[in-house]
Amino acid sequence: MTTTPLPTSVAARPTASLFAEDRAVWSLIQRDRRRHNETLNLIASENYASEAVLEALASHLNVKYAEGYPRSRYYQGVGIVDDIEQLAIDRAKELFGAEHANVQPYSGSPANMAAYYALGCQPGDTVMGMELSHGGHLTHGSPVNFSGQQFKIVSYHVSPDTETIDFDEVARLAREHRPKVIVAGYSAYPRIIDWAAFRRVCDEVGAALLADIAHIAGLVAGGVHPSPVPYADVITTTTHKTLRGPRGALILCKSQYAKAVDRAVFPGIQGGPHLSAIAAKAVCFREALQPEFKQYAAQIVANARALAERLLEHGFRLWSGGTDNHLLVIELRDQPFTGAAFAKALERAGIIVSKSTIPGETRSPWQTSGVRLGTPALTSRGAVERDMRQIGDWIAQVRDNLSEEAALERIRLEVRALASGLAPI
Ligand SMILES: *Cc1c(COP(=O)(O)O)cnc(C)c1O
């Protein structure tokens, strides 16, 4: 199967005025763009937004203050930006089939903070989320994050046997601790999330279900991962990961939480909305409503599966044995080298990944025993299964030549040849 690459960020190329005014920043941007075009970006949380998205993001809308919501603002001159925000809201609701949407959150982390407050969480209340090292996010209760500092956190885990969510433990902990909120949705979980199972636990103990689909929103929108909309009370997502939009976030909820969500975002934790980002979100939601986006989402998953299969053939251990979504985690528990060392060697060969902790991690978060790989960014550049199998071969070659500079350099040249043949950003 081949796909036409989706449009990337040609218009975002540094303009003549940046070149004239600030050569230092212009040239750093140029160098970083070249880095992207000459390497293979397998960072699971990154993606290339379209030219149209970046054009909206770079527009004059950057100027506007419009605290409040459409038709109820604290500023004048807002009639047109009201229409922009309303368009973004309407498209978000259509895309996900949600009753209410708030498109103002600056990013995924503040969206989660607003969601906890909207669900009535007070300091000291109990929140349940996945342990960070098992794939959860900082905002799901890490002690170094506001979530872990303000709330009493009960963490659940993946089962050591199945390496998937341990629902027996989730139910047991929920009965014992009666959390106000249970968070489902992760940063490094390669399997499908069973929203109905979480709903059953929440109903049994009277908890609210917060679905954080930051990583998988594009897969949900594209119909290749089940939607949490029928099950979750509140849903948060970033717009810049699989959804291919601007950096930012979105909160969806049932009508009964609409007021609480809106108040929690503004004036609860944010000031003026970023209208340029909101316009870019509107463009992104429209793109995700097109039939091609379904094909894109399916290709992301097909690519991840092809990469996983080839890595398994090369003897790698993958967390949970493979993937159902856009990402996979290579486990290096029994390897003499760390995730950090492997990620650095891969970078020398032009393959860009992120190190990742694994369930039962014994190394520090700086060293780690895993690397996380994702296919959304390369799929945006038009990569298909054949490319993924080739990349799997190179990843194995890097493992087998970890400190052989000459071998890494040879791989880097081959990587650059493949990367240069993909759609440029
Ligand atoms: C990326 C991510 C976030 C936070 O997004 P930022 O925009 O980086 O703040 C929240 N939750 C999950 C599960 C994520 O993966």
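Buried, in this briefing, means under 20% relative accessible area, with exposed over 50% and partly exposed in between (1.4 Å probe, protein chains only). By that cut-off, helix H8 (residues 195–205) has Trp195, Ala197, Phe198, Arg199, Val201, Cys202 and Val205 as its buried residues. The model is a predicted one: local features need pLDDT of at least 70, side-chain atom pairs count only at pLDDT 80 or more, and totals for chains, interfaces and linings use all residues. Residues are numbered from 1 along each chain as its sequence is written, and side-chain values use heavy atoms, with hydrogens and water left out.

**Domains and their interface**

- The protein chain splits into domain 1 (55–288) and domain 2 (293–421), with bounds that come from an automatic or database domain assignment.
- Taken over C-alpha atoms, the centres of domain 1 and domain 2 sit 28 Å apart.
- On the contact count (heavy atoms within 4.5 Å), 25 residues of domain 1 meet 29 residues of domain 2.
- The size of an interface is often given as the accessible area lost when the parts come together.
- Here domain 1 and domain 2 bury about 2,200 Å² between them, and 58% of that is on carbon and sulfur atoms; buried area is the accessible area (1.4 Å probe) that two parts lose on being put together, summed over both.
- In domain 1, Glu163, Pro190 and Arg191 lose the most area to domain 2, together 30% of what that side buries.

**Polar and charged pairs across the interface**

- The rule turns up two salt bridges between domain 1 and domain 2, where a salt bridge is a side-chain nitrogen of Lys or Arg within 4 Å of a carboxyl oxygen of Asp or Glu.
- Glu163 and Arg317 pair their side chains in a salt bridge, at 3.4 Å from N to O.
- There are also 13 residue pairs in polar contact across the interface of domain 1 and domain 2, both residues at pLDDT 80 or more.
- A polar contact is a pair of N or O atoms within 3.5 Å; within protein, one must be able to donate a hydrogen and the other to accept it, and residues adjacent in sequence count only if both atoms are side-chain atoms.
- Helix H9 (217–221) and helix H11 (275–289) are the elements that give two or more residues to the side of domain 1 that touches domain 2, and H9 has the largest share, three residues.
- Helices (H or I, at least four residues) and strands (E, at least two) are DSSP runs, numbered from the N terminus.
- That side of domain 1 has 12 nonpolar, nine polar and four charged residues; Ala, Val, Leu, Ile, Met, Phe, Trp, Tyr, Cys and Pro count as nonpolar, Asp, Glu, Lys and Arg as charged, and the others, Gly among them, as polar.

**Around helix H8**

- Strand E6 (152–156), H7, strand E7 (181–184) and strand E8 (208–212) are among what covers the buried residues of H8.
- Asp194 caps the N-terminal end of H8, with a side-chain oxygen 3.3 Å from the backbone nitrogen of Ala196.
- Just after H8, Gly206 takes a positive phi of about 75°.

- Met388 lies in helix H15 (residues 385–400) and is buried, with a relative accessible area of 0%.
- Leaving aside residues up to four places away in sequence, Met388 touches Asn303, Ala306, Leu307, Thr375, Leu378 and Ala383.
- Met388 and Ala302 are 86 residues apart in sequence, yet their C-alpha atoms are 9.6 Å apart in space.
- Thr39 is in the loop between helix H2 (23–38) and strand E1 (40–41), and counts as buried at a relative accessible area of 13%.
- With residues up to four places away in sequence not counted, Thr39 touches Gly350, Ile352, Arg381, Val415 and Ala419.
- Leu173, in helix H7 (residues 167–177), is buried at 9% relative accessibility.

- Glu163, in the loop between E6 and H7, has a positive phi of about 55° although it is not a glycine, and is buried at 13% relative accessibility.
- Arg178 does likewise, with a positive phi of about 45° although it is not a glycine; it sits in the loop between H7 and E7 and is partly exposed at 49%.
- The peptide bond from Phe266 to Pro267 is cis, with omega near 5°, and Pro267 falls in helix H10 (residues 258–269).
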